[in-house]
Amino acid sequence: MTRTSTCIYQFLVLNWYIFINYYIPQQGKDIQKSTIFQNGGQWKYLTFLNLFLQAIFHGVACLEDTLKRMKGKKDIKFVTAFRDLLFTTLAFPVCIFVFLSFWIVFFYDRELIYPKQLDDIFPSWMNHAMHSTILPFTLVEIILRPHCYPVRKKGLAVLAAASLVYTSRILWIYLRTGTWAYPMLAKLSAVGLAALFSFSYIVSVSIYLLGEKLNHWKWGDLGQSRKKNK
C-alpha cells in the first residue's frame, strides 16, 4: 500500500474503533441492560479493554502516518517507537488472546463467558465487532508494515505487568463485590483459578512470540535493522 492509502486505512479503522467504544456504553444507559456493567463497570471485561487499546493504537498509528507525510521519518522517531512498542507488547497479544479465548470457550459452553441473555443486549453484529473483526485488523497491521520488536526480556516484562494488573483487578472486584467478571471463574477452586491465570499468561507469551515470528517471516530483519539505526 502507498503511504496515502495506509494513512486512509488507519483513519478508517480508528473511526471504527471509536464508534464501537462509543456505542457500547450507550447500552448501559438502559436500566435493564446496565446490570452487566455493575460491580466493576465495562472495564472489568478484557474485551472492552482490548477495544479501547486498539483505538489508542490505531490513533497513534494514524498520527505517525500523518506526521510522516508532514515532517519525514527523522523527526518522528519517538512516535514510531511508541507505536511499535504498543503493538508488539500489548495490541497484538491482547487482541489475539481475546479472539482465541472467547471463541474457544463460547463454542464449548457459551454460558461460561457470554450467556445467551446477552443476545438481547448486544446484537449479533456487535458480538462479532467485539470478538471477530479484531483479528483481521490485527493481521493486516502485520502485513501492512514492519514493527520493531523490543528486546525480548523488555517486551515480555511489559506483557507480564499488564497481565498482573488485569488479574489483580479481577481478584479485587471479586473480593469487593463477591461476584466474578466471568461466570466460568465462579466454577473454579483457588487452585483452578491459579492454574487458569498461569495458563492464560503462558498463552499470552506464546502469542507474543508468534507475533515476533510473523513479523520476521513477513519483513525479515527490516524491523531490527531500523532499530539498529536509531
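Modeller: This is a predicted model. Helix 2 and helix 3 cross in a left-handed way. The contact draws on residues of both helices, including Leu53, Phe57 and Val60 of helix 2 and Phe82, Leu86 and Leu90 of helix 3. By class, 17 residues of this contact are nonpolar, four are polar and two are charged.

Biologist: Why are helix 2 and helix 3 called roughly antiparallel?

Modeller: Look at the angle. The axes of helix 2 (residues 46-71) and helix 3 (residues 77-109) cross at roughly 150°. Angles over 145 degrees count as roughly antiparallel. Therefore helix 2 and helix 3 are roughly antiparallel to each other. Their axes come within 9 Å.

Biologist: What about helix 6 and helix 7? Which hand does their crossing have?

Modeller: The crossing of helix 6 and helix 7 is right-handed. The axis of helix 6 (residues 152-177) comes within 11 Å of the axis of helix 7, and the angle is roughly 145°. Among the residues in contact are Leu156, Leu159 and Ser163 of helix 6, with Tyr201, Ser204 and Tyr208 of helix 7. This contact has ten nonpolar, four polar and two charged residues.

Biologist: Serine 204 is in that list. What makes serine 204 count as buried?

Modeller: Its relative accessibility is 9%. Buried means under 20%. So serine 204 counts as buried. Serine 204 sits in helix 7 (residues 190-219). Leaving out residues up to four places away in sequence, serine 204 touches Pro93, Phe97 and Leu159.

Biologist: Now take a loop residue. Where does isoleucine 113 lie?

Modeller: Isoleucine 113 is in the loop between helix 3 and helix 4 (124-131).

Biologist: How do you know whether isoleucine 113 is buried or exposed?

Modeller: Compare the value with the cut-off again. Isoleucine 113 has 16% relative accessibility. The limit for buried is under 20%. So isoleucine 113 counts as buried.

Biologist: Which residues is isoleucine 113 in contact with?

Modeller: Setting aside neighbours within four places in sequence, isoleucine 113 is in contact with Ser101, Phe102, Val105, Phe106, Tyr182 and Pro183. Take serine 101. Isoleucine 113 and serine 101 are twelve residues apart in sequence, and their C-alpha atoms are 9.5 Å apart.

Biologist: On to the cysteines. How many disulfides does a search of the whole structure find?

Modeller: The search finds zero disulfides. Cysteine 7 shows the reasoning. The nearest cysteine sulfur to that of cysteine 7 belongs to cysteine 62, and it is 5.1 Å away. A disulfide needs two cysteine sulfur atoms within 2.5 Å. Cysteine 7 is in no disulfide.

Biologist: What makes cysteine 7 buried? And why does cysteine 148 count as buried?

Modeller: Cysteine 7 has a relative accessible area of 16%. Cysteine 148 has 8% relative accessibility. Buried means under 20%. So cysteine 7 is buried, and cysteine 148 counts as buried.

Biologist: Let us step back to the whole chain. How many helices and strands does the chain have?

Modeller: The chain has eight helices and zero strands. Its pattern along the sequence is α-α-α-α-α-α-α-α.

Biologist: What percentage of the residues count as buried?

Modeller: Of the chain's 230 residues, 44% count as buried. Now the contacts with a separation of 6 or more: 81% of them are between residues 24 or more positions apart.

Key. Residues are numbered from 1 along each chain as its sequence is written. This is a predicted model: local features need pLDDT of at least 70, side-chain atom pairs count only at pLDDT 80 or more; totals for chains, interfaces and linings use all residues. Side-chain values use heavy atoms; hydrogens and water are left out. Buried means under 20% relative accessible area, exposed over 50%, partly exposed in between (1.4 Å probe, protein chains only). Axes are lines fitted to C-alpha atoms, for helices over the stretch in contact, and angles run from 0 to 180 degrees between N-to-C directions. Helices (H or I, at least four residues) and strands (E, at least two) are DSSP runs, numbered from the N terminus. Angles under 35 degrees count as roughly parallel, over 145 as roughly antiparallel, 65 to 115 as roughly perpendicular and the rest as oblique. A crossing is left-handed if the near helix is turned anticlockwise from the far one by less than a right angle, and right-handed if clockwise. Contact means heavy atoms within 4.5 Å. Ala, Val, Leu, Ile, Met, Phe, Trp, Tyr, Cys and Pro count as nonpolar, Asp, Glu, Lys and Arg as charged, and the others, Gly among them, as polar.
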